[in-house]
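Morning, everyone. I have one structure to go through today. Please bring it up on your screens.

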Amino acid sequence: MTPSRRIRDIIESALAELPQTPILAAFSGGLDSMVLLHALAQSDATRARGLRAVHVDHGLHEDSEAWARRCREFADALGVELIVCAVDVVRSPGLGLEASARRARYAAIETLLSPGEIVALAHHRDDQAETVLLKLLRGSGPEGIGAMRPLRRLGRGFAWRPLLLLPRAALREYAEHHRLGWIADPSNADQTIDRNYLRMQVMPRITARWPEAESSIAQSAAWARAAAEFIDVEAERALARIQGLDPSTLQFREWLALPTALRDPVLRRWLRALDLPEPTHYQAAELVRQLGEAGEDRQPCVRWPGTEVRRYRDLLHALAPLQFPPLEWVAAFDGSPLALPLDLGVLRLRGAAGDLRLAVPLQVRFRRGGESLRLSSGGHTRELRDLFQEAGIPPWKRGRLPLAFDADGALVAVADIWLSEAGAALLAPSGARFEWTSAEGARRGGDRLAIDLADALS
């Protein structure tokens with residue numbers, strides 16, 4: 001079978017399994033993407049769907065504008081619309097230039113995708129083998145070793161790799177047969193880039209000893225991908241079982257009791273849903289160690305950039321790193337909306353007719369220790385510390401709750417959780433109530449849960 005026929009048959013067969021939506025071909029002008037665009041343009045089925053191409057100009061090479069012109073000429077010759085996108089590659093922390101350029105490229109492509117549209121990518125079997133080896137060298141699990149999927153979600157559409165089972169040699173044979181004048185990017189010869197070093201130095205030695213290595217590695221990737229997909233389904237089920245009423249909490253004993261293969265995926269799925277950064281493998285292992293060793297009276301906390309995971313009683317709490325208001329902060333409060341420092345929300349007095357104004361303002365500050373109040377429901381004067389413990393409010397939230405005091409320094413209200421006997425007498429004539437809109441609670445729902453628990457005890 002000729003290379004043209006083989007690639008055409010692969011594309012036609014794969015197209016039959018895809019949704020009937022348009023195709024957007026990612027076109028760098030290199031050998032691989034040129035073969036893909038040329039083959040797609042020869043397909044009546046692709047043309048019938050609607051075919052266009054996109055070239056992303058990273059501006060990293062002095063000839064990048066000339067490359068964009070060559071790509072446009074090639075697309076014009078095929079009768080395919082080409083979109084040229086210029087992007088600024090910003091080096092992201094912890095990412096090299098190649099990875100940062102890839103991130104910018106995919107971000108640009110995502111903005112172009114219409115709902116359900118499929119972007120065709122020219123990755124092949126050699127790329128897959130290199131990806132698997134890179135993931136192994138970085139200590140990845142089944143998800144990483146599974147490498148590239150033939151089809152996956154991307155933005156509003158899908159990323160499709162129809163040539164993933166073909167070796168690079170088959171694409172080169174196709175290009176030479178059709179005399180395609182592809183662009184040779186000199187960065188592909190830079191062996192300081194890990195992937196290039198693998199391709200030019202490592203893979204030739206492996207395949208010289210094991211000629212079927214690339215095919216075998218690709219098969220291992222397929223097995224790992226199947227395992228990763230199974231683990232992902234089980235992790236979703238496990239998370240649903242052990243997540244607390246507040247989505248930012250997990251039952252820590254149940255999490256520790258999960259099989260090792262599930263524990264890390266559940267943790268990462270949980271954090272992703274909360275838009276919190278994930279830990280390194282070392283940090284995740286440290287969390288397991290601390291939870292396993294800490295006594296019942298301890299409150300272990302493991303931190304990494306952008307995230308804190310804390311244990312309190314039976315729950316793990318995931319949150320962004322907290323700041324605490326200065327002890328000396330004090331503000332007069334007449335009932336009108338009072339913005340609290342550090343994005344801690346707004347405190348107000350809400351009456352039947354709207355915000356209530358007090359003739360004699362209260363003083364609002366945060367906890368300093370030793371506060372107490374006699375609850376409006378009656379009983380003895382209680383230490384605020386004891387009330388917090390009975391209500392199960394985690395320690396790190398206690399210092400972020402606004403406290404209202406009268407002119408004599410008596411505690412009148414704790415946010416909108418508790419009201420003192422004197423506070424109830426103050427508000428009874430108007431029927432007003434304290435209302436605390438916590439910015440953190442609005443994002444996470446965590447403070448709302450604490451308030452619900454406290455209401456049950458008041």
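How do the residues of the lining of the second largest pocket divide into nonpolar, polar and charged? There are 14 nonpolar, four polar and five charged residues in that lining. Nonpolar here means Ala, Val, Leu, Ile, Met, Phe, Trp, Tyr, Cys and Pro; charged means Asp, Glu, Lys and Arg; the others, Gly among them, are polar.

Some ground rules. This is a predicted model, where local features need pLDDT of at least 70 and side-chain atom pairs count only at pLDDT 80 or more, while totals for chains, interfaces and linings use all residues. Residues are numbered from 1 along each chain as its sequence is written, and side-chain values use heavy atoms, with hydrogens and water left out.

Back to the pocket. Its volume is about 510 Å³. A pocket is an open set of points on a 1 Å grid over the protein atoms alone, where a 1.4 Å probe fits, with protein on both sides within 12 Å along at least five of seven lines; lining residues have an atom within 4 Å of a point. Points are joined across faces, edges and corners, and the volume is the space filled by probe spheres set on them. Of the 23 lining residues, P150, R161, P162, L164 and L165 are closest to the centre. α1 (3-15), α6 (125-137) and α10 (213-242) each give two or more residues to the lining. α10 has the largest share, six residues.

Now the whole chain. It has 18 helices and 21 strands. Those are DSSP runs numbered from the N terminus: helices are H or I, at least four residues, and strands are E, at least two. The radius of gyration is 30 Å, whereas a compact globule of 458 residues would be near 23 Å. That radius is taken over C-alpha atoms, and the globule rule is 2.2 Å times the number of residues to the power 0.38. The C-alpha box is roughly 90 × 50 × 40 Å along the principal axes.

Next, the sheets. Six strands make an open, mixed sheet, ordered β3-β2-β1-β4-β6-β5. Strands count as paired if DSSP finds at least two bridges between them. β3 (81-86) and β5 (151-154) are the edge strands, each pairing on one side only. β2 (51-57) and β3 run parallel over six bridges. There, V56 has C85 in β3 as its bridge partner.

The other one is an open antiparallel sheet of five strands, β11-β15-β18-β19-β20. β11 (330-333) and β20 (418-419) each have a single partner strand, so one side of each lacks a neighbour in the sheet. Four bridges join β11 to β15 (362-365). F333 stands opposite L362 in β15.
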